[in-house]
Amino acid sequence: MAIAVSNMDHAYAHLKPFLTESISDAPQTMPPNNQAAADIQAFKFKDPDRHSLELIWFPPDKGQDKWHQPADQLFLGIDHSAIAVADTQQSLQFYCSLLGMQVDADSLNQGKTQAHLDGLSGAKVRITTLSTALGGLGIELLDYLTPEQERPMQNSWRSCDIAHLQVELVVSDLQQVIEQLHSNGEKFVASQLVQFGPEMHYRKGCLVKDPNGHAMLLIET
């Protein structure tokens, strides 16, 4: 997940003494020839369980309006969750056509800056930014064109495994979405809708996997 910050230099300086594993060499600034991402600053690292995290700073002409409001906090909130995909069009069919998300931006990131950001020599990645109709957190699809030695997600991962990650998506009619996913042949962790008690912040949910095996918890409040 990507955490928006009000000042990248200060956020990196605060974080550095606690880092156990960096992905990026240092905070990187996207070059001006990348119009969709120009001047965005980012730094990637891993948490103690080795989940990938990112600090991100948006220039005035980019990012959600809330990241540009006056604030005295250094860490502002979560902007999006990013997932690697094997085929952008296949993932757009799942996230947009079936789940109703919309494409906000699309860019091709490559060159030295992206290589230093990802810790990958020759990194070339197509980034597609998705949002929902009512706002909230976004999802970035990362389609790495190079390097090409990607590994598929392990089907044996369970919800209680440390490697497991899932994104929660609120839907207006969960039963209808489940029927659409079933008719499209999508993979379910549990094929039926599950009802929850009053102690939960949602009434019912269902866990499904996207075309690349990423878990999505669909919930209805």
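These legends describe close-up views of a predicted model.

**View 1. Helix α1 has buried residues and exposed ones.**
Helix α1 covers residues 8-15, and Met-8, Ala-11, Tyr-12 and Leu-15 are buried there. Seen down the axis of α1, these buried residues fall within an arc of 95 degrees, so they line one face of the helix. Asp-9 and His-10 sit on the other side of α1 and are exposed. The cover over the buried residues of α1 includes strands β1 (2-5), β4 (41-46), β5 (52-57) and β6 (75-84).

**View 2. Asn-7 and Asp-9 meet at the start of α1.**
A side-chain oxygen of Asn-7 comes to within 3.1 Å of the backbone nitrogen of Asp-9. Asp-9 itself belongs to helix α1. Its relative accessible area is 59%; the cut-off for exposed is over 50%, so Asp-9 counts as exposed. Where does Pro-27 stand relative to Asp-9? The two are 18 residues apart in sequence, and their C-alpha atoms are 7.9 Å apart in space.

**View 3. A nonpolar patch lies on the surface.**
Met-1, Ile-78 and Leu-137 make up this patch. Together they have about 250 Å² of accessible area. Ile-78 is part of strand β6. Its relative accessible area is 31%, and Ile-78 is partly exposed.

**View 4. Gln-114 is a buried residue of helix α3.**
Helix α3 spans residues 112-118 and contains Gln-114. Is Gln-114 buried or exposed? Its relative accessibility is 3%; buried means under 20%, so Gln-114 counts as buried. Leaving aside residues up to four places away in sequence, Gln-114 touches Met-30, Asn-109, Ala-123 and Val-125.

**View 5. A cis peptide bond joins Thr-146 to Pro-147.**
Omega for this bond is near -5 degrees. Pro-147 is located in the loop between β9 (138-146) and β10 (166-170).

**View 6. Asp-39 and Arg-50 have positive phi values.**
Phi of Asp-39 is near 75 degrees, a positive value in a residue other than glycine. Asp-39 is in the loop between β3 (28-29) and β4. With a relative accessible area of 41%, Asp-39 is partly exposed. Arg-50 is not a glycine either, and its phi is about 75 degrees. The loop between β4 and β5 holds Arg-50. Arg-50 is partly exposed, at a relative accessible area of 49%.

Methods:
Residues are numbered from 1 along each chain as its sequence is written. This is a predicted model: local features need pLDDT of at least 70, side-chain atom pairs count only at pLDDT 80 or more; totals for chains, interfaces and linings use all residues. Side-chain values use heavy atoms; hydrogens and water are left out. Buried means under 20% relative accessible area, exposed over 50%, partly exposed in between (1.4 Å probe, protein chains only). Helices (H or I, at least four residues) and strands (E, at least two) are DSSP runs, numbered from the N terminus. The arc is that of the directions from the helix axis to the C-beta atoms. Contact means heavy atoms within 4.5 Å. A polar contact is a pair of N or O atoms within 3.5 Å; within protein, one must be able to donate a hydrogen and the other to accept it, and residues adjacent in sequence count only if both atoms are side-chain atoms. Patches are made of residues with over 30% relative accessible area and no salt bridge: like charges are joined within 9 Å, nonpolar side chains (Val, Leu, Ile, Met, Phe, Trp, Tyr) within 5 Å. Accessible areas come from the Shrake-Rupley method with a 1.4 Å probe; for residues, only the protein chains shown count as cover. A salt bridge is a side-chain nitrogen of Lys or Arg within 4 Å of a carboxyl oxygen of Asp or Glu.
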